[in-house]
Amino acid sequence: MSRPNTQRWGGVSQTLHWLIALLILTLGIVGLTMGELPKTPKYFWVYTAHKSLGITVLTLVVLRLAWRLYAGAPPAVPGTPTWQERIASVTHALLYVLMFGIPLSGWIYDSASGLRPFRWFGLVDVPKLVAPDPQTVAISHAIHEYGFWLLVAVVAAHAGAALYHHVFQRDATLVRMLPRGWISSPQKD
């Protein structure tokens with residue numbers, strides 16, 4: 001397992017970053033459409049898959065944070081203004097808060113709803129975190145839903161900043177999170 005060097009993120013960090021991003025995208029699409037499904041056995045399967053993927057994301061985020069604490073992060077690209085570094089730090093912190101908060105609020109929502117326990121991908125019983133309670137259901141559902149929309153906004157800003165660095169500042173900020181050779185670092189004029 002390689003730690004990041006001074007220029008780019010390591011393979012473990014890149015893999016966790018893109019795997020979590022893909023799973024969150026999948027969860028968002030499923031979450032936005034599953035309420036429209038007819039109440040058939042497939043409906044319950046989709047909800048269980050959504051919950052299982054959410055627990056998976058939570059686990060991967062714990063691993064990602066542990067890896068980041070162990071391996072560290074490469075410093076900002078030389079020439080990055082201090083104010084941009086600070087915004088990036090706040091954005092990353094908010095992303096972590098949301099990546100923990102959204103799955104946890106979903107888990108609490110499921111627990112408080114009084115539904116039967118579900119099994120993570122049909123393999124492991126997922127314990128309930130709280131007793132059934134209508135007020136907890138309402139609060140956790142609101143956090144889960146509004147947290148998702150906040151995550152969409154923060155991810156859009158995060159991706160937009162990476163593209164801004166690549167296209168306009170012509171630096172390696174974006175390239176550092178991609179496998180070597182996917183795209184080249186832009187050349188400054």
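**Close-up 1. Arg-119 and its salt bridge with Asp-125.** In this predicted model, Arg-119 is partly exposed, because its relative accessibility is 37%. The side chain of Arg-119 meets that of Asp-125 in a salt bridge, with 2.9 Å from N to O. Asp-125 has a relative accessibility of 52% and therefore counts as exposed, the cut-off for this class being over 50%.

**Close-up 2. The network of Lys-51, Asp-110 and Lys-128.** Salt bridges with shared partners join Lys-51, Asp-110 and Lys-128 into one network. Three salt bridges are counted in the model. In the one between Lys-51 and Asp-110, the closest N and O atoms lie 2.6 Å apart. Asp-110 is buried, because its relative accessibility is 4%, and buried means under 20%.

**Close-up 3. Lys-128 at Asp-110.** Asp-110 also forms a salt bridge with Lys-128, where the closest N and O atoms are 3.1 Å apart. Lys-128 sits in the loop between strand E2 (124–125) and helix H4 (134–167), whereas Asp-110 is in helix H3, so the pair ties together parts that are 18 residues apart in sequence. With a relative accessible area of 30%, Lys-128 is partly exposed.

**Close-up 4. The aromatic pair of Trp-120 and Phe-121.** Six aromatic pairs are found in a search of the whole structure. In the pair formed by Trp-120 and Phe-121, the ring centres are 5.0 Å apart and the planes stand at 75°, so the arrangement is edge-to-face; an angle over 60 degrees is needed for this class. Trp-120 is partly exposed, because its relative accessibility is 28%. Phe-121 also counts as partly exposed, with a value of 41%.

**Close-up 5. The tilted pair of Tyr-164 and Phe-168.** The rings of Tyr-164 and Phe-168 form an aromatic pair with 5.7 Å from centre to centre and 35° between the planes, and the pair is tilted. Tyr-164 has a relative accessible area of 40% and is partly exposed. Phe-168 has a relative accessible area of 62% and is exposed.

**Close-up 6. The aromatic cluster of Tyr-43, Phe-44 and Tyr-47.** Tyr-43, Phe-44 and Tyr-47 are linked into a cluster by ring pairs.

**Close-up 7. Packing of helices H1 and H4.** Helix H1 (residues 11–33) packs with H4 at an angle of about 140°, and the two axes are 12 Å apart. H1 is therefore oblique to H4, since only angles over 145 degrees count as roughly antiparallel. The crossing of H1 past H4 is left-handed. On the H1 side, the contact is made by His-17, Ile-24, Gly-28 and Leu-32. On the H4 side, the contact residues are Phe-148, Trp-149, Leu-151 and His-158.

How values were computed:
Residues numbered from 1 in each chain as written. Predicted model: local features only at pLDDT ≥ 70, side-chain atom pairs only at ≥ 80, totals over all residues. Heavy atoms only, no water. Phe/Tyr/Trp six-rings, centres within 6.5 Å; stacked < 30°, edge-to-face > 60°. Buried < 20%, exposed > 50% of the residue type's maximum accessible area, 1.4 Å probe, protein only. Salt bridge = Lys/Arg side-chain N within 4 Å of Asp/Glu carboxyl O. Helix = DSSP H or I, 4+ residues; strand = E, 2+ residues; numbered from the N terminus. Axes fitted to C-alpha atoms, helices over the stretch in contact; angles between N-to-C directions. Parallel < 35°, antiparallel > 145°, perpendicular 65-115°, else oblique. Left-handed = near helix turned anticlockwise from the far one by under 90°. Contact = heavy atoms within 4.5 Å.
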